[in-house]
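Work through the following exercises with the sequence and the coordinates at hand. Each task is followed by a solution in steps.

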Amino acid sequence: MGALLIRDLEQVVSPAPGSAPLRGSALRGLRVVPDGYVLCENGRITSVGATSDLEPTTLPADLVELNGRGRAAL
């Protein structure tokens, strides 16, 4: 299985940074990233952030890219 990058998402919503696993009231904290990306490697999310923060030199060679313009990821 390779790597998948969904870039240029309108926004990405994920749990607020903290120690995992999150339970109870800790699940209420959300981080909303405008113009975001989600990077998956070997079937797991490995990175979430702002598209402008992507470093092309650190991306896997076997990367498949999807344009997420106008969409949101949760």
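**Exercise 1. Surface and burial**

State the accessible surface of the protein chain and the share of it that belongs to carbon and sulfur atoms.

Solution. Step 1: the accessible surface of the protein chain comes to about 5,200 Å², by the Shrake-Rupley method with a 1.4 Å probe, where for residues only the protein chains shown count as cover. Step 2: carbon and sulfur atoms hold 53% of that surface. Step 3: of the 74 residues, 27% count as buried; buried means under 20% relative accessible area, exposed over 50%, and partly exposed in between (1.4 Å probe, protein chains only). Step 4: along its principal axes the C-alpha trace spans about 40 × 25 × 20 Å.

Two notes on the basis of these values. The model is predicted, so local features need pLDDT of at least 70 and side-chain atom pairs count only at pLDDT 80 or more, while totals for chains, interfaces and linings use all residues. Residues are numbered from 1 along each chain as its sequence is written, and side-chain values use heavy atoms, with hydrogens and water left out.

**Exercise 2. Elements and strand pairing**

List the elements of the protein chain and state which strands pair with E1.

Solution. Step 1: the chain has zero helices and five strands, in the order β-β-β-β-β from the N terminus on. Helices (H or I, at least four residues) and strands (E, at least two) are DSSP runs, numbered from the N terminus. Two strands pair if DSSP finds at least two bridges between them.

Step 1: E1 and E4 run parallel, with five bridges; here Ala3 stands opposite Leu63 in E4. E1 and E5 also run parallel, with two bridges, and Val12 stands opposite Ala73 in E5.

Step 2: E2 also pairs with E3 (residues 44-50), in the antiparallel sense and over six bridges. Val38 stands opposite Val48 in E3. The hairpin of E2 and E3 has two residues between the strands, and Asn42 takes a positive phi near 55° there.

**Exercise 3. Salt bridges**

How many salt bridges does the structure hold, and which residues do those that share partners join into one network?

Solution. Step 1: a salt bridge is a side-chain nitrogen of Lys or Arg within 4 Å of a carboxyl oxygen of Asp or Glu. The structure holds three.

Step 1: Asp8 pairs with Arg7, the closest N and O atoms being 2.5 Å apart. Asp8 is buried at 15% relative accessible area, whereas Arg7 is partly exposed at 24%.

Step 2: Glu65 pairs with Arg7 at 2.7 Å between the closest N and O atoms. This pair links distant parts of the chain, Glu65 in E4 (residues 63-67) and Arg7 in E1, 58 residues apart. Glu65 is partly exposed, at 45%.

Step 3: the side chains of Asp8 and Arg69 meet in a salt bridge (3.7 Å, N to O). Asp8 lies in E1 and Arg69 in the loop between E4 and E5 (72-73), so the pair ties together parts that are 61 residues apart in sequence. Arg69 is exposed, with a relative accessible area of 58%.

Step 4: through shared partners, salt bridges join Arg7, Asp8, Glu65 and Arg69 into one network.
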